[in-house]
Amino acid sequence: MVTDLMDKLTYIFGQGLSNSFYPVPQQAIGVGSAFEGWSPHAEDVVYRVLVPLSPPPRHAFHLELDTAGMPQRNFCVRVELLCTCTREQLRENMLCFLHHIEEDLRRKQNPNLLHTLCTGSYLDVEKTAHWFYRFVRVAWLLLPQSCHWHLTLQPSSRSCKFQLSRDKESFMVEMIFGVRQGDSDIFVGSQPTEVGIPSTTWLETYAVAEAKFFRHISRQAPHDSWHCKCLQLLTRILIGVGFSSYTLKTVVMHLLNTVPLTRWRRRGFWQRLVDILKYLHCSLETKRLNHFIIGNERFPVEISLPSDIRVAEPLNLFQHLARNPDAHTKARHEYIHLL
């Protein structure tokens, strides 16, 4: 239902924005636990979708890396105006943003993207999210679902979050906006982050590549594979324990890439749980848990990555444990509690 809803919204976006100079939304991509098949809390699941944004006509996006953003790499999306003098000469009824004076442009056509959703020369996350909020509010009235479901927009400065409810049913959808890195499955995204980050900062996200990895595994695994049930069970147990669900997800992805998929059937369920906990324990003892994608030479080649990510030095997700002995001691106690 969420996929169908997003397809219809994207179509309305495309129709409404065809002659504008706003970012062009592409088909939404389901990401996160709900779309990967292991959501631990069915009663309060959030369906997250990433909406890729393409530059409007006569504009280009350029990603600029903020090297101070490691381990989470930060980017700015610089908006460049393209020269269209040639098309203007061919009488396509458009003035070149670069080579016409601003007064003529304001009088004869809509403002360019730099005047609407940018701060300086950079695409602004918060302005973009706020603009999509307004568009969703209007587009919702054109959808058939609006006759049966009630839409409630939720506050969020870097994404577009809304709740749909009908009688006793309800679910939450969160739209994250992203700009693709080249033709890869890695994006820079608008996902919420810590307070104080500039509104022109976009965070590198691997959510699309990870969702594709789970689909890749599902196509190859036996139909009775329980790999998602292993992850679902352990993340439910995590309530009140300091390990994040992303930590366990990373461990399971590493094991899925090394343990034969035929061993993830129901009869091997208990042994796979033991494997996951042993892997986590070993990572705690060595204070090292490698990111599954960055620098992973065994990552499936069918999923497109930028060359610098595939050959990068593996990123240690437990680096904070290596730097902070108290945090390491606490994590070891939490592991015992998890057991």
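Me: What makes the pair formed by the side chain of His-291 and the backbone nitrogen of Ile-294 a polar contact?
Reply: This is a predicted model. In it, a polar atom of the His-291 side chain lies 3.3 Å from the backbone nitrogen of Ile-294.

Me: Where is His-291 found?
Reply: His-291 is in the loop between helix 9 (269-286) and helix 10 (307-310).

Me: Why is His-291 called buried?
Reply: Its relative accessible area is 4%. Buried means under 20%, so His-291 qualifies. Beyond its neighbours within four places in sequence, His-291 is in contact with residues including Tyr-206, Glu-210 and His-254. The C-alpha atoms of His-291 and His-254 are 9.1 Å apart, though 37 residues separate the two along the chain.

Me: How do you know that helix 8 is mostly covered?
Reply: Of its 12 residues, 10 are buried. Among them are Thr-247, Val-251 and His-254. The cover includes helix 2 (33-36), helix 6 (207-220), helix 7 (227-237) and helix 9.

Me: Why are helix 8 and helix 9 called roughly perpendicular?
Reply: Their axes cross at roughly 110 degrees. Angles of 65 to 115 degrees count as roughly perpendicular, so the label holds. The axes come within 10 Å, and the crossing is right-handed.

Me: Which residues of helix 9 does helix 8 meet?
Reply: They are Asp-275, Ile-276, Tyr-279 and Leu-280. On the helix 8 side, the residues include Leu-248, Val-252 and Leu-255.

Notes. Residues numbered from 1 in each chain as written. Predicted model: local features only at pLDDT ≥ 70, side-chain atom pairs only at ≥ 80, totals over all residues. Heavy atoms only, no water. Helix = DSSP H or I, 4+ residues; strand = E, 2+ residues; numbered from the N terminus. Buried < 20%, exposed > 50% of the residue type's maximum accessible area, 1.4 Å probe, protein only. Contact = heavy atoms within 4.5 Å. Polar contact = N/O pair within 3.5 Å; in protein donor to acceptor, adjacent residues only side chain to side chain. Axes fitted to C-alpha atoms, helices over the stretch in contact; angles between N-to-C directions. Parallel < 35°, antiparallel > 145°, perpendicular 65-115°, else oblique. Left-handed = near helix turned anticlockwise from the far one by under 90°.
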